[in-house]
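Reader: Hi, can we go through this structure together? Please show it first.

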Amino acid sequence: MKRKVIVIGIGAGNPDHVTMQAVDALNRVSVLFIPDKGTEKTDLAQLRRQICERFIRNDDYRMVDFATPPRKRSTPDYRQDINIWREQVEDVYQRLLTEELGDDDCGAFLVWGDPSIYDGTLRILEKIRAKGALELEYEVIPGISSVQALAARHRVPLHGIGASIMITTGRKLAEGFPDDVDSVVVMLDAANAFKTVDGDLDIHWGAYVGMDEEILLSGKVRDVGDEIERLRDNAREEHGWIMDSYLLTRAGKDDGE
Ligand SMILES: C[S@@+](CC[C@H](N)C(=O)[O-])C[C@H]1O[C@@H](n2cnc3c(N)ncnc32)[C@H](O)[C@@H]1O
């Protein structure tokens, strides 16, 4: 039996980000897998539910909540920890696909933003498919990523004219601002990595971009860095979780297409 799944990018937190293609896909689905990544993410699971209620025009679907295993520091090696964790997550997904999808079902994973950016779902499904433990067919629907949402809310292009952009993590940025690009989008920054860079860089920062809680701030890192740190701490305290990202650009980067 072939299991069918659609991986649907749902945008970065604003239900208005959901595309017409995603709405069509949602209406083909009979089983929606809703991850609950811990208490701080309950708000996000709630948003996925709201999206289903708003856009699915039939009652022929059910939701299956599932818990993703927590990431643990079990070895001194970060990559090894990640690999152990990924295998545990793969097992969870494989079990869901095997136990929850029947012949006539079409399952869906609703992925935050766009599935191609810092999200493990596509890799996990490909691993499961490649293992051959079950026959799996999946399709991907792109979503508006937090990168695009951030740029739109600040009304800035991401790159200088004809130049490159890098998308990276706070962890990588903390190793140094790259020499060969002028524009870097930073996601998944748990430790204020923007405080490690040259204060002359421009930063366009946004938390909860597109959501009711949205906060935006921009300026030279040396002028706004402390304020961003304070805003992050307060927001994390108030909501119990934060999703923020930022664009760093070298002063003098060309503005343009
Ligand atoms: C696991 S990644 C998922 C990225 C997602 N696939 C995307 O396309 O935006 C989570 C990170 O995305 C960024 N992010 C997601 N939603 C955001 C939002 N509404 N506002 C600001 N940053 C957001 C944050 O950097 C967060 O740490």
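Author: Let's begin with a term. Two strands pair if DSSP finds at least two bridges between them. Strands (E, at least two residues) are DSSP runs, numbered from the N terminus.

Reader: Which residue in β4 is the bridge partner of Leu32?

Author: Ala108 is the partner of Leu32. Strand β2 (residues 31–36) and strand β4 (residues 107–111) pair in the parallel sense over 3 bridges.

Reader: What should I know about the model and its numbering?

Author: This is a predicted model: local features need pLDDT of at least 70, side-chain atom pairs count only at pLDDT 80 or more, and totals for chains, interfaces and linings use all residues. Residues are numbered from 1 along each chain as its sequence is written, and side-chain values use heavy atoms, leaving out hydrogens and water.

Reader: Back to the sheet. What is the strand order?

Author: The open sheet of 5 strands runs β3-β2-β4-β1-β5, with parallel pairing. β3 (62–67) and β5 (135–141) are the edge strands, each pairing on one side only.

Reader: New topic. Which residues come nearest the ligand?

Author: Ala12, Asp114, Ile117, Ser146 and Asp244, out of 16 residues around the ligand. Near means that a heavy atom of the residue lies within 4 Å.

Reader: How far is a ligand nitrogen atom from Ala12's polar backbone atom?

Author: 2.7 Å. A polar backbone atom of Asp114 is 2.8 Å from a ligand oxygen atom. A polar contact is a pair of N or O atoms within 3.5 Å.

Technical notes:
A polar contact is a pair of N or O atoms within 3.5 Å; within protein, one must be able to donate a hydrogen and the other to accept it, and residues adjacent in sequence count only if both atoms are side-chain atoms. Helices (H or I, at least four residues) and strands (E, at least two) are DSSP runs, numbered from the N terminus.
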